[in-house]
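The points may be read alongside the sequence and the model.

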Amino acid sequence: ARPLDPDGAFAAIRQAAEAGDFPATTRKGHVQQVGPAARQAYADKVVSFVTTAALRPLKLVVNCGNGAAAPAYDSIKRRLAAQAAPLAFVDLFLQPDATFPNGIPNPLLAENQPVTGKAVRAHGADLGVAFDGDFDRCFFFDETGAFVAGEYVVGLLAQAFLQQQAGATIVHDPRVTWNIRHIVAANGGQAVQARTGHVFVKQALRQTGAVYGGEMSAHHYFRDFCHCDSGMIPWLLLCELMGRTGLSLSALVQQSMAAFPSSGEINFRPVDPAAAMARVIAHFSPQALAIDRMDGVSVTLAQWRFNLRASNTEPVVRLNVESRADAALVARQVAVISAMLT
């Protein structure tokens, strides 16, 4: 489960491939048939992340989006039922179907969110969960059907772990950080920033011994899950946190959203991404309290902060803006930066 270092192992593989330098070997591989016991072991491991006795009765709408999630999700539901977990489920689009008759399963896209939110309201559910196609990400909707942005979910999961493991280390990405770092500090933990991407977050977990790492894009990584990300563990942890606190999801995030409003990730396609980013940085540098170039560029000012990252695969610049308790300030600065990126 350890990713290859893009600057080390991958470079060596590329060099060998370009040179045609493949040493001969007599080693043979082997095939092992693994039956239903493997999926049961997987379900047992996922459910082990929560104490089922701490769960309270909740109704969940779960949208598998006709992707690959349903078989794993069903096995987890059976394990929860065997432990008498008081969770009730309303299932949407369980059947895997490569034609995606209900749309490509990417709940991060705003146009894909209403179906889950509407089902939450229609069924009077406490929580909505939607998976992407390969279910390494899950997305949340509160009891009103409102979508909950990923950075606030990272904060909640950090809180859940720190309440169980005092002083633990939490890894986060650089895009939106203030709410996460505030929650980690308030709960006696240590926050560590890593570059965006699974390779870098997994490396940070191994290097620091962090119990959990989260990205605002809904990738959540767990030390005790081979340092890998999982789309199934987060919704269980969130159910447990709701059970322990007795609070709804909207109540759990309300204070954070007011204290640290954010813009969400906004994509731009400037003609010259590098020049556009340079204009923004030059404009704000004189008043910046700090400039961090770990991943793109993060500029911290007195009451707000922004991160700009250029995509590695397309001519896109991605912007995130956050502030301290001033949503209007976020909107104003998004407008200012947008004008420089378009």
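Which residue just after H7 takes a positive phi? Gly-209 does, with a phi of about 75 degrees.

1. Basis of the note. The model is predicted: local features need pLDDT of at least 70, side-chain atom pairs count only at pLDDT 80 or more, and totals for chains, interfaces and linings use all residues. Residues are numbered from 1 along each chain as its sequence is written, and side-chain values use heavy atoms, with hydrogens and water left out. Helices (H or I, at least four residues) and strands (E, at least two) are DSSP runs, numbered from the N terminus.

2. Helix H7. Within H7 (residues 198–208), the buried residues are Val-199, Phe-200, Val-201, Lys-202, Ala-204 and Leu-205. Buried means under 20% relative accessible area, exposed over 50%, and partly exposed in between (1.4 Å probe, protein chains only). Strands E6, E8 (212–214), E9 (220–222) and E10 (228–229) pack against these buried residues of H7; contact here means heavy atoms within 4.5 Å.

3. Helix H4. In H4 (residues 114–123), Thr-116, Gly-117, Ala-119 and Val-120 are buried. Seen down the axis of H4, these buried residues fall within an arc of 160 degrees, so they line one face of the helix; the arc is that of the directions from the helix axis to the C-beta atoms. Pro-114, Lys-118, Arg-121 and Ala-122 are exposed on the other side of H4. The cover over the buried residues of H4 includes strands E1 (58–63), E2 (87–92), E3 (127–131) and E4 (138–141). Gly-124, which follows H4, has a positive phi near 60 degrees.

4. The pair H5 and H6. The axes of H5 (residues 150–164) and H6 (residues 178–186) come within 9 Å and cross at roughly 10 degrees. H5 is therefore roughly parallel to H6, a label given to angles under 35 degrees, whereas those over 145 count as roughly antiparallel, 65 to 115 as roughly perpendicular and the rest as oblique. Axes are lines fitted to C-alpha atoms, for helices over the stretch in contact, and angles run from 0 to 180 degrees between N-to-C directions. On the H5 side, the contact is made by Glu-151, Tyr-152, Val-154, Gly-155, Ala-158, Gln-159 and Leu-162, and on the H6 side by Asn-179, Ile-180, Ile-183 and Val-184.

5. Ile-180. This residue of H6 is buried, with a relative accessible area of 4%. Leaving aside neighbours within four places in sequence, Ile-180 is in contact with Glu-151, Val-154, Gly-155 and His-172. Ile-180 and Ser-256 are 76 residues apart in sequence, and their C-alpha atoms are 9.1 Å apart in space.

6. Most residues other than glycine have a negative phi. Asn-66 has a positive phi near 60 degrees; Asn-66 sits in the loop between E1 and helix H3 (70–82) and counts as buried at 6% relative accessibility. Ala-325 has a positive phi of about 60 degrees. Ala-325 lies in the loop between strand E15 (317–323) and helix H11 (327–341) and is exposed, with a relative accessible area of 57%.
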